Structures are given as C-alpha cells and as structure tokens.
Amino acid sequence: MHAVQQRAAAVPALTVEDERLDLADVRRRLRAIFIGSIGNLVEWYDFYAYAAFALYFAGAFFPGQDQVVQQLNAALLFALGFLIRPVGGWLFGHLADHYGRRNALMLSVLLMCFGSLMIAVTPTYASIGVAAPILLGLARMVQGLSLGGEYGTSATYLSEVADAKHRGFYSSFQYVTLIGGQLCALLVLMLLQQVFLTGDQLRAWGWRIPFVIGALLAVIALAMRRNLHETDDFVAAARTGRSESSIKALRRYPKEVLLVVGLTMGGTTAFYTYTTYMQKFLKLSVGLSDNQTTLVTAGSLVFALILQPIYGALSDRIGRRPLLIWFGAAGTVGTIPLLYALQSTRSAMVAFLLIATAWLIVAGYTSINAVVKAELFPTKVRATGVGLPYAVTVSVFGGTAESIALWFKSIGHETWFYYYLTAVIATSLLVYVTMRDTKRESAMGRHE
C-alpha cells in the first residue's frame with residue numbers, strides 16, 4: 001500500500017518536472033528566434049538604408065541635372081547588390097550546412113558591418129571622380145554577399161528552432177524583421193529630415209549617418225549571435241556523417257529547386273515594388289512631398305509588418321498553399337488597377353490606403369515563403385536549397401524591379417511595368433496551384 005502511494009505521489013512530480021523542461025525549451029526557442037530575428041533586422045536595415053537615402057546621395061555620386069536618371073543610376077547599383085547575392089547564397093549555405101547555422105549567421109552580419117562602413121566613408125564624385133561610384137558599387141557587392149547568405153541561413157535557423165505546430169507563425173518573423181529593417185531606415189530618415197538636419201545638410205553629408213548607425217548595430221548583432229545555440233536538426237544531421245558538396249547534394253532535388261524559383265519570382269517582384277521602388281514612385285509619379293513620401297511609405301510598412309505573424313499563424317491552421325494561391329490570384333487580378341489608381345491620386349491618405357490594400361495581397365507570400373522553402377529540403381542541404389535558388393531568383397526579378405520600373409518611366413511608358421509585374425505574379429500562381437502543401441508534406445526532420 002505504501003509503495004502504491006509512493007508511485008502515485010511520483011506522478012505529479014514527474015509532471016511538474018516535464019512542465020519545467022517544456023518551459024525551458026520554449027524559452028530557449030523564443031530566445032533563439034528573438035536573437036536570430038534581431039540580427040536579421042540589422043542586416044536588412046543596413047541594406048535598405050541605401051534605398052531610403054538614395055534620393056539624397058544619388059547626386060553626390062552621379063552628377064547631372066535629370067533626377068530620374070540619377071535615381072536610375074542609383075537603382076542600378078542597388079541591383080548590383082542583388083547580382084552578387086547568389087554567390088552569398090551558395091557560400092553561406094555551404095557554411096551553414098557543413099559548419100553550423102550559428103557560424104554562418106555570425107559571418108554574414110560581420111560582412112554587412114564592413115559594407116556599411118565602406119558606404120559611410122566613401123568620398124563623392126566631386127572628390128575622386130569615377131572612383132566614387134566604383135567604390136559605392138563594391139560596398140553594395142559586399143552587402144549583397146552578406147544578404148545573400150543571411151536569407152537562406154536565417155530562414156533555415158528560424159524554421160528549425162520553431163516547434164512544428166507554430167512553425168509558420170515563428171518563421172514569419174523573418175519578414176517582420178526584414179520589413180522592420182526597412183522601417184528603421186525610414187524612421188532614421190524621418191528623424192534626420194524633420195528634427196536634426198535640413199535638406200541641404202542631408203544631401204551634403206547627412207546621408208552618411210544611417211550607414212554609421214548600421215555598422216554599429218551590426219557589431220551589436222554580432223555580439224548577440226555569438227550566444228545562439230545550434231539547431232537540434234543540424235546537430236542530429238551532423239551525427240549521421242560528413243556531408244557532401246552542397247551543390248552536388250542540391251542536384252538531387254531539381255524539382256524543389258525549381259519550386260523555389262517559381263514560387264519566389266512573383267512574390268519578390270511584388271515585394272520590391274511596394275518597398276524600395278514605392279518611395280520613388282510616390283515622389284516622382286504621384287508627386288508627394290519628401291515628408292509625405294516618407295510618412296506614407298513608413299505607415300504602409302508598419303501595416304505590412306503587423307500582417308506577417310497574422311498570416312503566418314493562419315498558415316499553421318489552414319496550410320501554406322491557400323495563402324500562396326490568395327497572393328497569386330489577387331495579385332494577378334488586382335495589381336494593374338491598384339497601380340493605376342495609385343498613379344492618379346494626389347492624396348497621401350488615399351496613397352496609403354491603396355498600398356495597404358496591396359499589402360493585404362502580398363503578405364500571402366511574404367509571411368510564409370521562408371518556411372515553405374525550408375520545408376522543401378532535408379537538413380543537410382536545407383540552407384543551400386533555400387538560399388541559392390532564392391538568391392538567383394531575387395537577383396533576376398526582385399533586384400531589377402526598381403530599375404525596370406524607372407527605365408519604363410524614363411522612356412515615357414511607366415504603365416508597362418504594371419503589366420510586367422502582373423505577368424510575373426501570374427506565372428508564380430501556376431506554381432502555387434500545382435505544388436504540394438509543405439505544411440502537410442514537410443521535409444523537416446529528414447536528415448539524409
């Protein structure tokens with residue numbers, strides 16, 4: 001009888017201990033997601049500071065009187081940062097798959113710090129001539145290399161540290177911090193515009209300030225990432241033996257690679273349309289003032305940021321594929337009328353509401369695209385499988401969106417871009433309709 005009582009008393013003790021272990025595991029996961037997300041925010045702040053301040057520093061590197069041409073030149077260098085991203089996707093994917101997600105994340109933020117410092121100290125065209133835009137281009141390449149590695153590695157890390165039931169929700173914070181990085185760049189711009197500096201001071205030297213801030217933030221993010229724990233999936237995969245070459249391993253998954261390309265092309269083009277290009281569109285096409293442009297862009301990004309975890313949590317309940325189809329179908333039908341309406345308005349409030357409507361569509365892609373890609377590949381090739389084909393697609397479609405739009409505008413056919421964007425989204429829709437739902441058929445936990 002006494003032994004039975006002892007066994008009965010032991011049951012609650014075990015339950016309490018299990019609860020403690022569960023709580024400790026939840027805290028460990030949340031801490032890893034927070035640190036990984038904050039580092040991602042810093043990386044994207046540094047990258048987007050270029051786009052946010054291009055209106056002020058373009059004239060310092062590209063002399064001339066035509067503002068559209070100056071912005072086009074600056075946009076071409078912005079695109080240059082994307083051209084190097086596939087190299088970053090391959091290099092950091094290899095490092096993450098062979099030597100750990102944590103090490104790759106630390107190196108990527110260190111490179112971003114270096115790229116930001118280069119931009120902060122580069123002399124202008126008036127000082128060193130053509131060497132100025134060349135150095136600016138080199139700095140953008142360093143940043144592109146860093147960011148090419150950051151996306152695949154952070155998407156993999158966040159997906160692996162999240163629990164299976166809430167993977168869509170937690171992984172959505174990659175785009176929360178991605179958008180948050182751009183929002184922080186715009187907030188710095190607003191403070192400099194409206195509180196600390198005049199427009200002339202911003203054009204003369206103030207545009208360097210955000211890049212100094214970015215370099216300092218990158219150092220802080222590096223210190224935080226030193227304390228990240230490695231993911232359980234990577235540790236488990238490492239025990240099965242040394243991996244082969246990342247590219248060689250990736251060749252065994254041609255269907256998954258093509259899926260990443262197909263599901264990314266429409267989403268990335270739409271994303272960069274409503275983020276980096278939208279600031280120029282509001283200024284040069286809609287005709288809003290500098291302050292109105294910044295406020296509308298920042299307000300729409302806050303709205304987009306809020307949508308990400310909502311859509312991510314929804315994907316945990318109904319699956320990933322319905323959200324992707326929503327983006328593809330609504331984007332195909334709604335893009336042209338939305339952009340025509342935006343071009344014709346002269347009201348900052350109407351412009352905000354139209355861009356917010358666009359984000360209700362685009363968030364169907366942005367909120368879950370990282371977890372969908374991570375769920376396509378087994379552990380040993382996941383970072384490379386996510387990062388490399390994504391980086392190639394973003395280089396071709398996302399990084400060129402602003403340049404294509406500005407080029408159409410410079411030749412007097414701005415509206416052609418609306419049809420181009422629609423066609424790219426429609427192509428991705430075909431992929432969404434035919435692909436499997438990765439929530440229900442996931443490769444997470446597979447270590448071959």
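Which residues does T122 touch, not counting residues up to four places away in sequence? They are F61, A132, L135, L136, W207 and R208. The structure is a predicted model.

**T122**

- T122 sits in a loop, with α4 (101-121) on one side and α5 (125-128) on the other.
- The relative accessibility of T122 is 4%, so this residue counts as buried.

**Aromatic rings**

- A pair of aromatic rings is described by two things, the distance of the centres and the angle of the planes.
- The model has 15 aromatic pairs.
- In the pair of F327 and Y432, the ring centres are 6.2 Å apart and the planes stand at 55°, so the pair is tilted. The cut-offs behind this are that planes under 30 degrees apart count as stacked and planes over 60 as edge-to-face, with the rest called tilted.
- F327 belongs to helix α15 (residues 321-344) and Y432 to helix α19 (residues 416-434). The two residues are 105 residues apart, and their pair links distant parts of the chain.
- F327 is buried because its relative accessible area is 0%.
- Y432 also counts as buried, at 0% relative accessibility.
- One aromatic cluster is formed by Y175, F271, Y272 and W359.

**Cysteines**

- The whole structure contains 0 disulfides.
- C113 has a relative accessible area of 11%, so C113 is buried.
- C184 has a relative accessibility of 29% and therefore counts as partly exposed. The limits used are under 20% for buried and over 50% for exposed, with partly exposed in between.

How values were computed. Residues numbered from 1 in each chain as written. Predicted model: local features only at pLDDT ≥ 70, side-chain atom pairs only at ≥ 80, totals over all residues. Heavy atoms only, no water. Phe/Tyr/Trp six-rings, centres within 6.5 Å; stacked < 30°, edge-to-face > 60°. Helix = DSSP H or I, 4+ residues; strand = E, 2+ residues; numbered from the N terminus. Buried < 20%, exposed > 50% of the residue type's maximum accessible area, 1.4 Å probe, protein only. Contact = heavy atoms within 4.5 Å. Disulfide = S-S within 2.5 Å.
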